[in-house]
Amino acid sequence: MERKSIQTLVYEELKKNIMLMKLKPGQAMSTQEMATKLNVSRTPVREAFLRLQSEGLVEMIPQRETMVSKIDLKRVDQEKFIRESLELGVINNFLEKKNQDNIRIMSELIQVQGQCNQAKDFAGFLDADDRFHKVLFDVTGQQMAWAIIMDRNGHYNRLRILFIQRKNVMESSIQQHAKIVRLLEMGEEEGIRKALVSHMQRLDVGETGDLAAAYPDYFDIGDNKNRERRIGTL
C-alpha cells in the first residue's frame, strides 16, 4: 500500500474535521495553530489550506487569517445537482451488473445505519450512507464519477450532517434505503429512479431554510464585499 505524505494526511485530517463540523463554518484558523495541534511543520498545513481553498472549504484573508468557509446554499444546489445526475446515470448499468453480493452489502450498510441511529453517531451514519451509494459506482466501474462527488460536496455534506440531527431524519433515510434495495432486487428501473430522486431531494428548500434559520452563523448570507476581502493567498 502506498504510504501517504504528511501533506496528504494533514489535508485529510483538516477536511474530515470540517466535514464533521468539528471545525465550524466561520471558524478562524492559523497555520501555526493547526501545525501545533497536528504536530507538524507549517508547510504541510499551508499546502493543505490551499487545497481546501480550491475545494471551497476555506477562505483566506491575506496576511491575517484563514477561516472555514460558511455553507453557501447556491453551491449546495450545484453539488446536489452533480451527485443526482451522476448517480441516476449509473442505474441502468448497475441493474445489468448487480448480483446478490452487491445487494447484501447494501443491506448490511442499512443495518450499520440502524446501529448508528441508536447510538446517535451522526458521522458513522453519513459514512455508511456514502458507502451505500458508492456500491452503485463500484459495481459499474465509475470510480472517477464517485471521486468527483466526494471532491465537490463540502457544502452539501455539511448541510447533511446538520439535517440528520433533526428528529426522525435518520429513520426516514433508513426506510428510503430499504425501499431502494427492494426495488433493486426486483429490477424496477423506473421505480428505482423515482426512489433515488425522492431520497436525494429530501433536503428540500423548506428544510434548507429551516436549517439556515436554526444555525445562522454557519451560513453565507451573500455579503459579496466581505467575501471578496476573504479570498486571497497565504
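The chat below goes through salt bridges in a predicted model.

Me: How many salt bridges does a search of the whole structure find?
Reply: The search finds 16 salt bridges, a salt bridge being a side-chain nitrogen of Lys or Arg within 4 Å of a carboxyl oxygen of Asp or Glu. This is a predicted model, in which local features need pLDDT of at least 70 and side-chain atom pairs count only at pLDDT 80 or more, while totals for chains, interfaces and linings use all residues. Residues are numbered from 1 along each chain as its sequence is written, and side-chain values use heavy atoms, with hydrogens and water left out.

Me: Which residue does Lys15 pair with?
Reply: Lys15 forms a salt bridge with Glu55, and their closest N and O atoms are 3.0 Å apart. Lys15 lies in helix α1 (residues 6-19) and Glu55 in the loop between α3 (42-54) and β2 (58-61), so the pair ties together parts that are 40 residues apart in sequence. Helices (H or I, at least four residues) and strands (E, at least two) are DSSP runs, numbered from the N terminus.

Me: Is Glu55 buried or exposed?
Reply: Glu55 is buried, with a relative accessible area of 7%; buried means under 20% relative accessible area, exposed over 50%, and partly exposed in between (1.4 Å probe, protein chains only). Lys15 is buried as well, at 13%.
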